[in-house]
Amino acid sequence: MEAELADAGSCATLLGALLLQSPKGGPVAEAAEGLCAADLESEWPFGTEDELEEIAALLKEARRLPPEDLDREFHRLFVGPRRLDAPPWGSVYLDSESVVFGDSCMELARWMRANGIALHEGESREPTDQIGRMLVLLGWMCENEPSLVDDYLRLHLLTWAPRYFERLEAAADGPFYRAVAELSALTLRGVAEQRGLTAEDRDRGFDAL
């Protein structure tokens, strides 16, 4: 089980970074380049060979794109200023008003405080329930607070992330974020299956968004 959590943690941390910051430069650019160059079929611990082969083909295509193209796609998908086709914040989907910083975001923050997890709000202007932040937090929990992982997944991440990744894949124009969306979805599914988890029934209807 410790080995499984280590795999889940490293994958979640990588994917979270790619969904939180532009891969135009710095460590995130290095992470994106490393993922594009990886032998997913033998190195990635989640997904079938066919699924990983399909994602690897997208990443191979993405590797030929200039950083500026990836940066533009990141801002179109995650920043704006136009309406986002796949908003990356959980409360947009889970809150009855479909707002950022909604009730489910506040609930996550309260849960974190109750379990002694620092919010580190000064490190990011993004809400706590931004998908990249939530995956990075999952990675941290796998390494530092493994006893909290199941509740975090069941109560806060699986409640919306699987369908979010479907929307992100559909919204992405280029191969890189299509690949990241597919890889994130199958990774989260694999972690949930390993741990025998399903989400609490809190989906209020994504098709209405």
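In the predicted model, helix α5 passes helix α10 in a right-handed crossing. The residues of the contact of α5 with α10 divide into 5 nonpolar, no polar and 1 charged. On the α5 side, the residues involved are Arg 76, Leu 77 and Phe 78, which meet Tyr 164, Leu 168 and Ala 171 of α10. Helix α5 spans residues 67–78 and helix α10 residues 161–171; their axes lie 11 Å apart, and the packing angle is about 130°. The arrangement of α5 relative to α10 is therefore oblique.

Helix α5 also contains Phe 74. This residue has a relative accessibility of 6% and so counts as buried, the cut-off being under 20%. When neighbours within four places in sequence are left aside, Phe 74 is in contact with Leu 18, Leu 19, Leu 20, Gln 21, Ser 22, Pro 23, Val 79 and Tyr 177. One of these contacts, Ser 22, is 52 residues from Phe 74 along the chain, yet the C-alpha atoms of the two residues are separated by 5.8 Å.

A further helix, α8, comprises the 14 residues 131–144. From its first C-alpha to its last, α8 reaches 20 Å, close to the 20 Å expected at 1.5 Å a residue. Of the 14 residues of α8, 10 are buried, and the helix is therefore largely enclosed by the rest of the structure. The buried residues are Ile 131, Gly 132, Arg 133, Met 134, Leu 135, Leu 137, Leu 138, Gly 139, Met 141 and Cys 142.

Technical notes: Residues numbered from 1 in each chain as written. Predicted model: local features only at pLDDT ≥ 70, side-chain atom pairs only at ≥ 80, totals over all residues. Heavy atoms only, no water. Axes fitted to C-alpha atoms, helices over the stretch in contact; angles between N-to-C directions. Helix = DSSP H or I, 4+ residues; strand = E, 2+ residues; numbered from the N terminus. Parallel < 35°, antiparallel > 145°, perpendicular 65-115°, else oblique. Left-handed = near helix turned anticlockwise from the far one by under 90°. Contact = heavy atoms within 4.5 Å. Nonpolar A, V, L, I, M, F, W, Y, C, P; charged D, E, K, R; others polar. Expected span 1.5 Å × (residues − 1). Buried < 20%, exposed > 50% of the residue type's maximum accessible area, 1.4 Å probe, protein only.
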